[in-house]
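Here is a short tour of the aromatic contacts in this structure. Have the viewer ready and follow along.

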Amino acid sequence: MCLKPDKFECKLLKSEKEAKSEAQDQKQRKIFIGGLHRSVTAEQLEEYFQKFGKIQNAVINREHYTNISRGCGFVLFENRESAAKVLETNNHFIEGRRIDV
């Protein structure tokens, strides 16, 4: 119960079992993408991988100080089946370059 609801956000806590289940589900929906050219953007990742299913998030890992791409990233799908389709498919290419999935 919140005493001052206008100053605090109230949330129900998840049980440890629910939290673990949610984390496991996210691991099965998240795919590491390597071998990216430094010019590839998160939007290009989304554009390429959307043919496998709905994407919740796409991220390119970047150097902290220079903001230059590290040549890898992650794609998080809305469901496990989409991620499984990506893994079943061989030879993915973005900007004419074969990427590692």
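Buried means under 20% relative accessible area, exposed means over 50%, and partly exposed lies in between (1.4 Å probe, protein chains only). This is a predicted model, where local features need pLDDT of at least 70, side-chain atom pairs count only at pLDDT 80 or more, and totals for chains, interfaces and linings use all residues. Residues are numbered from 1 along each chain as its sequence is written, and side-chain values use heavy atoms, with hydrogens and water left out.

**Aromatic pairs**
- The structure holds four aromatic pairs; rings of Phe, Tyr and Trp (its six-membered ring) pair if their centres lie within 6.5 Å, and planes under 30 degrees apart count as stacked, over 60 as edge-to-face and the rest as tilted.
- One of them joins Phe32 and Phe74 edge-to-face, at 5.5 Å centre to centre and 70° between the planes.
- Because Phe32 sits in strand β1 (residues 30–34) and Phe74 in strand β3 (residues 69–77), this pair ties together parts 42 residues apart in sequence; strands (E, at least two residues) are DSSP runs, numbered from the N terminus.
- Tyr48 and Phe49 have ring centres 4.8 Å apart and planes at 90°, so their pair is edge-to-face.

**Cluster and burial**
- Tyr48, Phe49 and Phe52 make up one aromatic cluster.
- Tyr48 is buried at 15% relative accessible area, and Phe49 is buried at 1%.
- Phe32 is partly exposed at 43%, and Phe74 is partly exposed at 28%.

**A charge over a ring**
- Lys30 lies over the face of Phe74, 4.9 Å from the ring centre; this requires NZ of Lys or CZ of Arg within 6 Å of the ring centre and within 35 degrees of the ring normal.

Methods
Helices (H or I, at least four residues) and strands (E, at least two) are DSSP runs, numbered from the N terminus.
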